[in-house]
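I opened this two-chain entry to look up its folds and the contact between the chains. My notes are kept in the order in which I checked things.

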Amino acid sequence: MHDIRDLEKELKRRYGADGIQSNRDDLAFTAVKPHAVGDALAYLRDHWRYVHLDFITCVDLIEEGRLELVYMLRNHDAKHDLGVKTRIDRNRPVMESLHGHWAAVATYQRELREMFGIDFPGCPRVDEDFALEGWDEMPPMRRDFDTRAYSERTYFPRPGRTTSDPAEHMRTKQYPGRADL
Amino acid sequence: MTTKDREKYPVHVGGTEPFDLESGRYMKVWQGPQHPGITGNMSLELITSGDEVVDLKTHVGYLHRGFEKLMERRKWIQNFPLVCRICVPEPDFNEYLYAAAVEELSGLTVPERANWLRAMNLEMARLTSYLMWLGGQAGAFGMGTIGQWTVTMRDFMLDLFEELSGGRIYHMYIVPGGVRGDVPQGWFDRVWSTLTTVESVLDDVELVLFNNAVFKKRAGGLGVIDPDMVDRFGITGPNARAAGVRRDLRIDRPYLVYDELDFSIVTGDGLGVESDAYGRTKCRVAEMRQSIDLIRQMMDRMPEGPVHEAPPNVLHWKIPPGETYLSAECTRGEYGYYVVSDGSDKPRRIYVRGPSYTHAVALLEHMGPGTNIADTAGLMVSLHTYPPEIER
């Protein structure tokens, strides 16, 4: 039987979770400390049937100097999604690699390494390029990555299209000499 | 290939190259990014021994357009023309999920008829996407004619989308608060007629594809997915259902009007097929027929009424702080949007979860070894992978 309050109690007791905040009947979030994430996810998978990993992603909390990792799990039997969140230091972004938990985790971690600069020591191929081959700038999904400056620095400036006022065009080019335009 | 056979090759550890290419025993073959057997822009790095694939790595990055980054710099409404472009064959799921997430966070309601039209739109998108995929699957095994038939049918479906929304590929029909407009006069009749044509072509396709000796021989036993792989690799959609796993978000967690429709989950064991490329094709064709039935049910039972609830001034629209995750069943599996708002007029973070992310990388890399070069394209297409979902 899937009881969200029992689950909350267990997560608090075992992993010091903050509690569970339910957004909908089928969606809730909880937060644990970074060192407890691996064990908490394994516990949720093995004891609470959150067997399916929907995704792993990151939110850049630049104001707080933190990166928030979100691990979204699904319990198909209870028809419930649980997001497990944890915050790590934005300046020293290192997180435990969980590639042994699910086969797809290594891919997510490779992407997070590239897009947010988070290191996952021990993760297979984590230092290989994923989507950005030959990227040597700061991780582009960070909030302070300036896309416009990057684009102006990287790509040669082009003059672009010249535009003209349609009314002026009609007066001077299309119908020159017409006083009523 | 049996486990014993696999033992003759070096063990792949930690991403280091275990294959001595200088030895003459192995050869590296790049399949893609420009290759008729590759769907979209992706490449597969194959290490082969003879014509047998002994190692496969997926490479993406040929199509990275930075959608998620772009969305953080645009107002909520400005992202609508953007999200549909994440997925060419099936843009409507992006429209729906983004709209639904915005509506949930902002508290905007949707009229009943709009929900029916949205669901109908999604089923038409499913059928259209499957038509394109079916041509690719047959083409991967050398049957180009089937592709010509199905792509023609897809074009007929696109005519309907064009009449409905003005756009053939990117419809931008589903908007916050409902849909952009009601259906044109006589449109339902034309949908009905087109579905009848598609159905008759599907009869032909089934006849020539499923009774073709080459297809049966090559697709049978190719890319077998065991049920115990489903959770380990995060497999969703027809790839999981063909393995006998009864999961379909339309039934398990009904959204829009799916709980009012009469249909059941199509599974491989229900159809009496194996969980291989052949069985997955059977499942998908059965789901195409199911989509046709669902569209007809919706046209029969579509309620009258308004189709749009106007949001506040969209140029100054601030969404209250919060976060949500919404998912829907697309042709390839679970499609999802994780949306975070910080209370401003732009999204704080949007993460797009596409099913190909796991199917085309971790799963394909696992299944590649043991196939041969010629079947690699057929294997990939049988997983219905789509690269832009990997690099949003």
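The entries below go from conventions to each chain and then to the interface.

**Conventions.** The model is predicted, and I took local features only at pLDDT of at least 70 and side-chain atom pairs only at pLDDT 80 or more, while totals for chains, interfaces and linings use all residues. Residues are numbered from 1 along each chain as its sequence is written, and chains are lettered from A and ligands numbered from 1 in the order in which they are written.

**Chain A, overall.** I counted five helices and five strands in chain A. Helices (H or I, at least four residues) and strands (E, at least two) are DSSP runs numbered from the N terminus. Along the sequence the pattern reads α-β-β-α-β-β-β-α-α-α.

I then looked up the dimensions. The C-alpha trace of chain A spans about 85 × 40 × 30 Å along its principal axes.

Of the 181 residues in chain A, 35% are buried. A residue counts as buried if 20 or more other C-beta atoms lie within 10 Å of its own, as exposed if 12 or fewer do, and as partly exposed in between, with C-beta atoms placed from the backbone. Among contacts in chain A between residues at least 6 apart in sequence, 46% join residues at least 24 apart. A contact requires the C-beta atoms of two residues, placed from the backbone, to lie within 7 Å.

I checked the pairings next. Strands pair through backbone hydrogen bonds, either parallel or antiparallel. Pairing is assigned if DSSP finds at least two bridges between two strands. S3(A) and S4(A) run antiparallel and are joined by nine bridges; A:His52 has A:Arg74 in S4(A) as its bridge partner. The two strands form a hairpin with four residues between them, and A:Gly65 in the turn has a positive phi of about 70 degrees.

S4(A) also pairs with S5(A), antiparallel over 10 bridges. There the bridge partner of A:Glu68 is A:Arg87 in S5(A). This hairpin too has four residues between its strands, with A:Lys79 at a positive phi near 55 degrees. Is S4(A) enclosed by the rest of the structure, or left open? S4(A) is largely enclosed, because seven of its 10 residues are buried.

**Chain B, overall.** I found 15 helices and eight strands in chain B. Its C-alpha atoms fill a box of roughly 70 × 50 × 35 Å along the principal axes.

An automatic or database domain assignment gives the domain bounds: domain 1 is 3-59 and domain 2 is 67-354 in chain B. Their C-alpha centres lie 33 Å apart.

**Chain B, the three-stranded sheet.** I traced an open sheet with the order S1-S2-S3 in chain B, paired antiparallel. S1 (27-31) and S3 (52-59) of chain B are its edges; each has a single partner strand, so one side of each lacks a neighbour in the sheet. Neighbouring strands are turned by 25 degrees against each other on average, direction ignored. Helix H15 (residues 373-382) of chain B packs on this sheet, touching S1, S2 and S3 of chain B, and its direction makes about 145 degrees with that of S2(B). Axes are lines fitted to C-alpha atoms, for helices over the stretch in contact, and angles run from 0 to 180 degrees between N-to-C directions.

Five bridges join S1(B) to S2(B), residues 43-49. B:Gln31 stands opposite B:Leu44 in S2(B).

**Chain B, B:Glu22.** I located B:Glu22 in the loop between helix H1 (3-6) and S1 of chain B. B:Glu22 is exposed, with 7 other C-beta atoms within 10 Å.

**Interface.** I found 31 residues of chain A in contact with 29 residues of chain B. On the chain A side, S3 (52-61), S4 (66-75) and S5 (80-89) are the elements that give two or more residues. S3(A) gives the largest share, six residues. That side divides into 16 nonpolar, seven polar and eight charged residues. Here Ala, Val, Leu, Ile, Met, Phe, Trp, Tyr, Cys and Pro count as nonpolar, Asp, Glu, Lys and Arg as charged, and the others, Gly among them, as polar.
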